[in-house]
Amino acid sequence: MSIVNTLQKCVIESLSALHNINFTEKDFQINETKPEFEGDYTVVLFSLIKPVKSSPEALGKNLGEYLIKEYPGYFTQFNVIKGFLNLTISNNFWIDFVNKNYDDICFGKKPLNGKKVMVEYSSPNTNKPLHLGHLRNNFLGWSVAEIFKASGYEVIKSCIVNDRGIHICKSMIAWQLFGNGATPESTSTKGDHFVGEYYVKFENELKKQAAELASKEALKNYTHYNGEEQNKVVAFETQKVKLLEENNDKNKEKIVKINDELLEIRRNATPIMKTAKNMLLDWEAGKPDVIELWKKMNGWVYEGFEVTYKKIGSDFDTTYYESNTYLLGKETVQQGLSKNVFFAKDDGSVWIDLTADGLDEKLVQRKDGTSVYITQDIGLAQQKYDEYKIDRSIYVIGDEQNYHMKVLKLICQKLGMPYADNIYHLSYGMVELPTGKMKSREGTVVDADEIVAEMENIAKEKTEQLGKVNDFNNEELNKLFHTIGLGALKFFLLRVDPKKRMIFNPEESIDFHGFTGPFIQFNHARIKSILRKGELKKGAVIDNDLLPLEKNLIVALEKYPLVLQQACHEMNPSVIAIYVYEIAKTFSSFYTEHSILSAETENKKQLRLKLANLTANVVKSAMAQLGIEVPDRM
RNA sequence: GGUCCCGUAGCUCAGCUGGAUAGAGCGGCAGCCUUCUAAGCUGUAGGCCACACGUUCGAAUCGUGUCGGGAUCACCA
């Protein structure tokens, strides 16, 4: 049991004995004692003084005396300042803690609890390569899965591949039009980048054709539209003219909106867009040549993804393909109708009314009977549960889908699905550049493969400058560059609270100093270097004279199990990132001040070696939760 | 317009289940390598915690409102 939990228990027992009142852990707070006061942990007394009918000073004094008398193994001293009872934990406890755990590589982890959790993450589209945003998703998902594992859960990592739909048809059409039979091999291009290039080519051609239509429209030629489209366009144009005549600043926004609508209609009317839509229909009809092309191009993408996933350390226990799941959920619609959770409109479309929950009416089936995105998700949620009997289902998806995920969970709940309450949307904020959002149209998207390679390069340059590993062979060197470069990137993306948007500055944000992955890796390497030289002897060390910097480190290490618990509870890897940095920093301060190998006495040396070993274990374990390796030398 | 998220040092972020004088890193300034890896350590400057009101013994933290930024509200996925 951690010292904080122990302290809570002792305080509860003491108050029960002293005042005959039963408190719980939630009735009072225990904090770390601020450095400017004497003590290790502090009981905040304010919340207790009313029930015990005592002044803070008197309560603190009584409680402090009682704790020291009854639990001499834990507490040695106390002082009361205002409403704070500062307690000094006995050195015996800290030494005992080191002796017990210094060699336990599982320290902090919990035994299996028999529960299953599925973490869905990554979820790529097969029309373009992964970018920086995907990296945040992948690192988060993988890390959260590891955190659950360390907390005793059985974890199934899953991925839903968005492999069908208009976007992949766009790449296919462009390849047919402009590809001349080129392949990733013939052009020496990674498969996902290759297909992505055709997606861009499609967009460029689409833009060109839309511009041509626009110039026709400028001459009042609307022959490229069908009747319905023409009516819409004319209506919008009339509205626009009216707004322009009013010459009101407030109309500007409306006009922008109308222009967007017009552009959308125009884009959909371009020949190339019509071709793509036809191809989607052909795909749904299972037309052999379309299916064949689809398989070929997706195959290229998967080959590319595999390389990237391997490089960044993402893997999945199961992969769902939308081409297999997009028809799911149709039965659900029928069930929902018969349960009166859904209702049908006159045109045959099916809806759910969520206005009572503060949301809108939401379509669940089109009038043509095909299912929409949300319906597929309901179906897949059901399938996940049927297949694995999972206790919890985590979805790592960006915060632009907060509304969608809220709706998904709500519908599942209304349908009375047993897993509905355990659906959790792990929402994360977008990664932005100093110049704003990444936009593929403006070519400001940071490519995943490129940024990883760049990080490895920086790692290489810095390592060569420092010249500490000149005896490494090429293989060892490349592994080290990868470990450091990727470690820096992962740490950078994971150290921030997932739900917050974050800014990535390619020039400045990635540093190898301070609050970074490499700094932590560096401290691990230093410890390993010492452990190679010093002889750590098994058996308990006895030392009753802990120096402040030694104690700081022990106190920090002792918190690890609680930190893991918190990270799991919050599904938040940044909790671990912040903690492991604290450990590295605390060790670093200790390291510069006190020599381990040339310690004052053999006893001190053994204590410090054990402390160093425990630090290395915790650093390695914590970094592993983040998916970051730590080198023995760097 | 409705709903949701965010606003803390020049920059990037902690702290938010209320607790002592609000913390890190980067950047600035000043020191420290004949001593276990200086990717380091130490010191210093830098804050009306967006603003206002409220709840409380106590508010960066909770509530309401205002301002600023973002997301979303498709028979797209």
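This note walks through selected helices, ring pairs and single residues of the structure.

1. Basis. This is a predicted model: local features need pLDDT of at least 70, side-chain atom pairs count only at pLDDT 80 or more, and totals for chains, interfaces and linings use all residues. Residues are numbered from 1 along each chain as its sequence is written, chains are lettered from A and ligands numbered from 1 in the order in which they are written, and side-chain values use heavy atoms, with hydrogens and water left out.

2. Domains. In chain A, the assignment gives domain 1 (3-89) and domain 2 (169-285). Such bounds come from an automatic or database domain assignment. The C-alpha centres of domain 1 and domain 2 are 69 Å apart.

3. Helix α8. Helices here are DSSP runs (H or I, at least four residues), strands likewise (E, at least two), numbered from the N terminus. Helix α8 covers residues 191-218. The expected span of a helix is 1.5 Å times one less than its number of residues. Just after α8, Lys 220 has a positive phi of about 60°.

4. Gln 209. This residue lies in α8. Buried means under 20% relative accessible area, exposed over 50%, and partly exposed in between (1.4 Å probe, protein chains only). Gln 209 counts as buried because its relative accessibility is 13%. Contact means heavy atoms within 4.5 Å. With neighbours within four places in sequence left aside, Gln 209 is in contact with Thr 270, Pro 271 and Ile 272.

5. Helix α18. The 21 residues of α18 should span 30 Å at 1.5 Å a residue; the end C-alpha atoms are 29 Å apart, which agrees. The helix is mostly covered, with 15 of its 21 residues buried. At its start, a side-chain oxygen of Asn 473 comes to within 3.1 Å of the backbone nitrogen of Glu 475.

6. Helix α19. Residues 517-533 make up this helix of 17 residues. From first C-alpha to last, α19 reaches 25 Å, close to the 24 Å expected. Twelve of its 17 residues are buried. Among them are Phe 519, Ile 520, Arg 526 and Leu 531. What do the buried residues of α19 pack against? They pack against α18 (474-494), α22 (573-593) and α23 (602-625). At the start of α19, a side-chain oxygen of Thr 516 lies within 3.3 Å of the backbone nitrogen of Phe 519.

7. Ala 540 sits in the loop between α19 and α20 (548-558). Ala 540 counts as exposed because its relative accessibility is 60%. Ala 540 and Asn 99 are 441 residues apart in sequence, yet 5.6 Å apart in space, C-alpha to C-alpha.

8. Aromatic pairs. Rings of Phe, Tyr and Trp (its six-membered ring) pair if their centres lie within 6.5 Å; planes under 30 degrees apart count as stacked, over 60 as edge-to-face and the rest as tilted. The whole structure holds 25 aromatic pairs. One of them joins Tyr 71 and Phe 75, edge-to-face, at 6.4 Å centre to centre and 85° between the planes. Tyr 71 and Phe 75 are both buried. Phe 97 and Phe 107 also pair edge-to-face, at 5.5 Å and 65°. Phe 97 lies in α4 (residues 91-101) and Phe 107 in the loop between α4 and β5 (116-120), so the pair ties together parts ten residues apart in sequence. Phe 97 is buried at 7% relative accessible area, and Phe 107 is buried at 9%. Tyr 71, Tyr 74, Phe 75, Phe 93 and Trp 94 form one aromatic cluster.

9. Charges over rings. A charge sits over a ring if NZ of Lys or CZ of Arg is within 6 Å of the ring centre and within 35 degrees of the ring normal. Lys 490 lies over the face of Trp 142, 5.8 Å from the ring centre. Arg 526 places its charged end over the ring of Tyr 591, 4.1 Å from the centre. Arg 526 is one of the buried residues of α19.

10. Ser 349. Where is Ser 349? Ser 349 is in the loop between β8 (342-344) and β9 (350-353). Ser 349 is buried, with a relative accessible area of 3%. A polar contact is a pair of N or O atoms within 3.5 Å; within protein, one must be able to donate a hydrogen and the other to accept it, and residues adjacent in sequence count only if both atoms are side-chain atoms. The side chains of Ser 349 and Trp 351 make a polar contact at 2.9 Å. Leaving aside neighbours within four places in sequence, Ser 349 has contacts that include Phe 343, Leu 363 and Arg 366.
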